[in-house]
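Thanks for asking me to look over this one with you.

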Amino acid sequence: MCGIKNLRITNFRGIEHLDIDDFSRVNVFLGQNNSGKTTVLEAIAMLMGMSNPDLPQLINAMRARKPFSNFIDILYFFNHLDGSVSPEIEAVQDNGSTRHLKLALSYVFDELAEPKNEPQPQMGTIHYVNTLEMYFDIADGDSKHSYKSWLRINPQGLVVNRKQAEGYLEKMRAWLTPSDLMTSNLPNDLAELFKRNQKELILKLLNLFDSKINSIEILTDDIYIGVEGMNRMMPLSMMGDGLRRYLSIVASAANPVVNIFLIDEIDNGLHYSVYKKLWKAVFAMAKLTDKQVFVTTHSKETLLHLNEMLQETSEYKEDLRLYTIERTLKKGIQAYKYTHEGLRGACDNDVEIRGLV
């Protein structure tokens, strides 16, 4: 598996400092609203795409559910909205190498020049910046390589220049699925997977949802599903929202160019009867495609069905790590780890592990 073993987040969004260790193949983050679960997923996405200067705006646009994000929203990545304190994200990968990313804001007088961190002109207490800098490095043993990408805007807030790091080719890919779990481009996503000979994998994962599903096709820009006992295929739109959401997750997760798959609020919009099937599909997909998966949830029912699935399919037990993200008074944000045994004990004894009540 090509993934990460641990993660350190510093001054990123609402997280001042957080260390999370001992990741496995499928990692589930629990916590109350506004505890930082989604921020952890976004930090991983940023680190896996650390050479792309457009990525912060794309992530902000995804969170805001708007096509484009204003450059001023970049400040939301900075803890306490303090642009003078750089957010940093660091991880150790399974191969022993480390990757590190630092964001910085600066003002550059010449729009075509390299960022030089010139003194920021002031209007009262407002500091004007026009450049986002992304400093990142890869370290492996005694070898360390450092790079920089940047993006610049004009006074109207429009991007006028950007530069990706020279001599760096990203080998890791992460895919972040937002909490609505839907993609408007599902037919196109599936068509690309079919071109890559992934239809049988998609069908195998659909069988986990419903064993009677025996075929899937894209006809006239729509998705059709074949079901045992029916003499014609049915459009996906006529088969219920649960299957459509399930397929949306499966299609994203099966993408062969993605190493790490991130799912925010996996249970959102799904009927509880689907939870166990979805968990089984996530673990099966991770194993079949050798991916690492990170999931957030705050649903107790989802955890109960996860526990049931693991007791029925013991081969997946060691693949699970579960973390409660908690905002404490003395230590700030902390991550408390559970294995499948801790999850089972909590479910059997009705112990609350999603956060303090």
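1. In which sense do strand β13 and β14 pair, and over how many bridges? β13 (residues 222-227) and β14 run antiparallel to each other, and two bridges hold the pairing. Two strands count as paired if DSSP finds at least two bridges between them. Helices (H or I, at least four residues) and strands (E, at least two) are DSSP runs, numbered from the N terminus.

2. Before going further, a word on what you are looking at. This is a predicted model, in which local features need pLDDT of at least 70 and side-chain atom pairs count only at pLDDT 80 or more, while totals for chains, interfaces and linings use all residues. Residues are numbered from 1 along each chain as its sequence is written, and side-chain values use heavy atoms, with hydrogens and water left out.

3. How confident is the predictor? pLDDT is its confidence in each residue, from 0 to 100. The protein has a mean pLDDT of 86, with 92% of its residues at 70 or more. Please take care with residues 122-126, where pLDDT stays under 50. For that stretch the model has two contacts (heavy atoms within 4.5 Å) beyond four places in sequence. Where pLDDT is low, the predicted coordinates should not be read in detail.

4. Back to the sheet from the opening question. It is an open sheet of three strands in the order β12-β13-β14, with antiparallel pairing. Because β12 (213-219) and β14 (234-235) each have a single partner strand, they stand at the edges, and one side of each is left without a neighbour in the sheet.

5. Now colour the aromatic side chains. Rings of Phe, Tyr and Trp (its six-membered ring) pair if their centres lie within 6.5 Å; planes under 30 degrees apart count as stacked, over 60 as edge-to-face and the rest as tilted. The whole structure holds eleven aromatic pairs. In one of them, Phe23 and Tyr323 have ring centres 5.6 Å apart and planes at 75°, so this pair is edge-to-face. Phe23 is in the loop between β2 (15-20) and β3 (26-30), while Tyr323 is in strand β17 (residues 320-328), so to speak a link between parts of the chain 300 residues apart.6. Are Phe23 and Tyr323 buried or exposed? Buried means under 20% relative accessible area, exposed over 50%, and partly exposed in between (1.4 Å probe, protein chains only). Phe23 is buried at 8% relative accessibility, and Tyr323 is buried at 1%. Tyr323 also pairs with Phe29: the ring centres are 5.8 Å apart and the planes at 40°, so this pair is tilted. Phe29 lies in strand β3 and Tyr323 in strand β17, so the pair ties together parts that are 294 residues apart in sequence. Phe29 is buried too, with a relative accessible area of 0%. Ring pairs join Phe23, Phe29, Phe294 and Tyr323 into a cluster.

6. Next, look at two lysines. A charge sits over a ring if NZ of Lys or CZ of Arg is within 6 Å of the ring centre and within 35 degrees of the ring normal. The charged end of Lys102 sits over the ring of Tyr135, 5.5 Å from its centre. Lys199 has its charged end over the ring of Phe194, 5.0 Å from the centre.

7. Finally, visit the loop between α2 (55-64) and β4 (88-93), where you will find His80. His80 is not a glycine, yet its phi is positive, about 60°. With 69% relative accessibility, His80 is exposed. Leu81 is in the loop between α2 and β4 as well, and its phi is also positive, near 55°. Leu81 is partly exposed, at 47%. Asn79, in this loop too, is buried with a relative accessible area of 8%. Among the residues that Asn79 touches are Asn11, Phe12 and Arg13.

Methods: pLDDT is the predictor's confidence in each residue, from 0 to 100.
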